[in-house]
Amino acid sequence: MTIVRVALPVPLPQVFDYAAADATEADVGRCVKVPFGRGDRNGLIVALGNTADVEPARIKTVHHIQREVPALPADWLALVDFVARYYHAPLGEVVALALPPGLRRADGVSDADEDPLLEIGEAGRRALADARRPSKALMLLQALAAEPGPWRRSVIRAMAGGEAVGDVLRRGWLTAIQDEGRVAALASGAQPELTAEQARAIEAIVGGGAGFRPWLLHGVTGSGKTEVYLRLAAHALAQGQQVLMLVPEIALTPQLEQRVAQRFAAANVVSLHSALADGARSRGFVQALTGRADIVLGTRLAVFAPLPRLGLILVDEEHDASYKQQEGVRYSARDVAVWRARQRGVPIVLGSATPSLETWYHARSERYALQTLSQRAVAATLPAVHCIDTRRLKLDEGLSPGLQAAIGQRLERGEQSLVFLNRRGYAPVLSCPSCGWVSRCPHCSANLVVHLADRRLRCHHCGCDGSIPHACPSCGNQDIQPFGRGTQRIEARLAERFPQARVLRVDRDAARTRAQWEKLLDTIAAGEADILVGTQMMAKGHDFPRLTLVGVIGADASLHAADFRAPERLFQQLMQVGGRAGRGTLPGTVLIQTEYPGHPLYQHLGRHDFDAFARMALQERRSAGFPPFTHQAMLRADAPALDDAVEFLRHARRLAEALAPEGLRLYDPVPMRMTRLARRERAQLLVEADQRGLLQAFLLSWIEMLYRQRTARELRWQIDVDPLEV
Ligand SMILES: Nc1ncnc2c1ncn2[C@@H]1O[C@H](COP(=O)(O)OP(=O)(O)OP(=O)(O)O)[C@@H](O)[C@H]1O
Ligand SMILES: [Zn+2]
């Protein structure tokens with residue numbers, strides 16, 4: 001009898017043994033269906049077991065081993081094992097996160113290529129020579145003939161007149177290339193001439209060799225980091241290697257996908273993100289696994305794509321908080337990517353205009369090699385940044401006269417403006433001036449936000465919503481007021497103030513689906529919007545040459561936030577959003593409305609001096625003993641009653657005291673800042689040490705103990721290693 005060890009997606013730290021008569025070493029890394037409890041579960045075989053360890057009478061037999069898909073390789077198993085150990089999460093849960101659901105369920109997965117590589121065939125050449133009756137299909141064929149091929153079908157479809165590709169294929173004018181190996185995946189799209197700084201960075205990184213080396217590419221906004229990534233990718237592809245490219249948000253993938261596909265028309269570019277349908281995600285994953293994907297482009301979960309020919313990892317906007325998963329397995333895809341680059345012995349490039357302080361510190365201390373792009377690629381300068389002192393100004397729905405005048409000028413010149421406010425909805429709260437009632441969420445310690453667009457009161461934390469009452473629910477007063485401002489309110493005021501302008505709101509409510517989001521971006525790019533009102537969705541990565549003014553409102557609130565990372569986040573956000581201005585040939589301006597124009601953060605921002613800001617912020621962190629000078633883990637507990645959560649943490653702290661090595665710091669359990677979320681009360685306990693190893697060793701034995709504690713059924717706890725929010 002052969003025993004297989006199976007990782008199952010259950011919140012238990014161990015793997016489970018099953019009997020499988022015909023299993024061999026070749027089945028390690030394969031998905032299985034097994035009986036578990038009263039039902040069945042899908043899991044992954046992570047090792048073969050030893051019959052001596054199990055009682056033969058108690059062992060159950062696997063139902064099915066999925067053998068149509070190649071087994072996941074040893075390096076992939078080592079990767080998920082590392083994530084499970086470092087983040088102290090059950091291995092089965094890490095596997096469940098890393099594998100597409102369809103693959104785990106052992107659905108039939110085909111890696112058949114749905115996006116064939118096409119070239120002009122014999123029939124096509126004849127059609128071109130005859131060229132009698134002009135048709136859409138013929139025009140498309142002629143356009144293709146003018147370019148060097150071959151092309152992916154998806155790339156042809158995206159071209160002007162690309163709708164006719166089906167017709168061209170039916171006529172047999174294009175034929176699929178069977179042996180893709182003979183086509184070097186070389187850059188075929190037009191490439192701009194590199195700037196001197198870009199050329200230097202590429203030369204240095206390529207010259208750094210094929211082995212493990214972490215790079216920070218610190219390039220100001222609009223400096224052309226994407227071009228650097230594309231050239232590095234081209235180099236890796238030319239060596240027959242695969243490239244993994246991570247982006248922080250799905251919202252950023254459409255444009256990048258397009259750029260990558262245009263540049264590498266012959267390469268097999270696979271997207272991986274959570275918004276993909278099951279089938280597409282499984283197919284992309286299997287293409288990566290079988291080595292048929294050349295470039296894997298995706299959000300954080302793409303870091304788990306198996307890549308047998310991996311040669312390069314690129315992490316765009318490496319500072320972005322969305323690389324850290326905030327629920328379940330709380331991993332940081334950026335940090336996992338660095339580990340993976342080391343494991344596989346390949347270079348990794350972390351790019352940003354505003355690196356995280358952790359990464360910047362590594363670059364300063366020469367653990368990471370640094371390449372800097374200090375100039376913009378197209379624009380002559382960075383935008384001019386000015387503060388508008390609002391202390392003595394009368395604001396019109398939050399908008400200063402100076403900002404309004406500047407928007408007016410842009411309108412006259414036919415340029416675009418962006419008003420940035422990181423708060424969606426119409427107003428953050430509805431309140432009654434006569435009795436003091438405010439719209440509280442019944443389930444969270446948060447207010448319900450007024451959404452006038454669809455006349456709802458909505459909680460941005462738990463999602464619950466209701467209609468807007470006509471009178472105060474507490475005293476009956478008819479005159480209840482929305483208090484404060486969100487994007488909808490600014491949009492409404494701007495539309496009133498500039499009736500001739502096309503005002504467009506860009507936030508998560510306006511872009512619920514990917515299709516809506518792409519449509520918004522197209523509208524902006526086509527110049528069919530004059531004034532944009534946007535949240536942080538607009539802050540990142542976008543490149544709209546006619547956008548010359550960025551107005552920032554409501555930023556001061558973050559200056560005094562309690563979180564020690566708040567200033568870093570604010571500086572990054574403002575530098576990023578300001579960086580959307582003046583990226584083409586037209587000069588840009590950033591206007592920040594503030595009551596603290598002398599604040600050092602705004603001063604550094606005005607000078608585009610990231611280094612000075614980072615030095616200051618790191619100095620503060622060093623003296624306060626915050627990361628990167630210390631390493632943290634947070635134990636969080638939640639329950640219907642706060643006392644239960646706190647009591648569990650007190651108990652956990654007592655257990656920890658007995659274990660804690662010298663140098664480990666245990667803090668007192670405290671309620672979380674937003675204590676109540678979706679009817680659960682939450683508390684946390686911070687653990688800290690100056691050495692990562694010390695903290696990790698302690699966590700290992702502590703968490704083992706915690707798993708053994710009997711807790712109330714209603715209580716849940718989780719550990720967050722390297723937490724972003726403390
Ligand atoms: N060498 C070059 N020659 C001409 N144009 C270039 C060159 N490199 C980049 N560009 C153009 O410069 C613009 C800015 O480039 P890109 O969007 O890559 O900047 P970025 O560094 O990623 O900026 P951000 O951090 O703000 O997203 C783009 O329109 C890009 O096409
Ligand atoms: Zn709520």
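Predicted model: local features only at pLDDT ≥ 70, side-chain atom pairs only at ≥ 80, totals over all residues.
Two strands pair if DSSP finds at least two bridges between them.

**Entry 1**

I started with strand S25 (residues 547-552) and looked for its partners. One is strand S26 (residues 589-594), and the two pair in the parallel sense over four bridges. I picked Val552 and followed it across to S26, where its bridge partner is Ile592.

Then I looked at strand S17. S17 and S25 are parallel and share five bridges. Here Val552 turned up again, as the bridge partner of Phe420 in S25.

S17 also pairs with strand S24 (residues 531-534). Four bridges join these two, which run parallel. I checked Val419 and found Val533 as its bridge partner in S24.

Next I wanted the whole order. The sheet is open, has six strands and reads S16-S26-S25-S17-S24-S23, with parallel pairing. Which strands are at the edges? They are strand S16 (384-389) and strand S23 (503-506), each of which pairs on one side only. From one strand to the next, the twist averages 20°.

**Entry 2: how covered is S17?**

I went back to S17 and asked about burial. Is this strand, residues 416-420, mostly covered or mostly open? It is mostly covered, with five of its five residues buried.

I noted a general point before sorting the side chains. In a regular strand they alternate between the two faces of the sheet. On one side of S17 I listed Gln416, Leu418 and Phe420. On the other I listed Ser417 and Val419. All are buried, and both faces of S17 are covered.

**Entry 3: the three-stranded sheet**

I moved on to another open sheet. Its three strands follow the order S19-S20-S21, and the pairing is antiparallel. Strand S19 (449-451) and strand S21 (465-467) stand at the edges, each with a single partner strand, so one side of each has no neighbour in the sheet. The twist averages 30° from one strand to the next.

I looked up one pairing in detail. S19 and strand S20 (residues 456-458) run antiparallel and are joined by three bridges. Val449 stands opposite Arg458 in S20.

**Entry 4: helix H1**

I turned to the helices and took H1 (residues 74-86). It has 13 residues and reaches 18 Å from its first C-alpha to its last, close to the 18 Å expected at 1.5 Å a residue.

Which residues of H1 are buried? I wrote down Trp76, Leu77, Leu79, Val80, Val83 and Ala84. Looking down the axis of H1, I see the buried residues fall within an arc of 155°, so they line one face of the helix.

I then searched for what covers them. The cover for the buried residues of H1 includes strand S4 (39-48), helix H2 (91-98) and helix H12 (333-344). I also checked the chain just after H1, where His88 takes a positive phi of about 55°.

**Entry 5: a helix pair**

My last stop was helix H4 (residues 122-130) with helix H5 (residues 136-145). They pack at an angle of about 105°, and their axes are 10 Å apart. Angles of 65 to 115 degrees count as roughly perpendicular, so H4 is roughly perpendicular to H5.

Which residues make the contact? From H4 I noted Gly124, Ala127 and Leu128. From H5 I noted Leu138, Leu141, Gln142 and Ala145.

Technical notes. Residues numbered from 1 in each chain as written. Chains lettered and ligands numbered in written order. Buried ≥ 20, exposed ≤ 12 C-beta atoms within 10 Å, placed from the backbone. Expected span 1.5 Å × (residues − 1). Arc of directions from axis to C-beta. Contact = placed C-beta atoms within 7 Å. Axes fitted to C-alpha atoms, helices over the stretch in contact; angles between N-to-C directions. Parallel < 35°, antiparallel > 145°, perpendicular 65-115°, else oblique.
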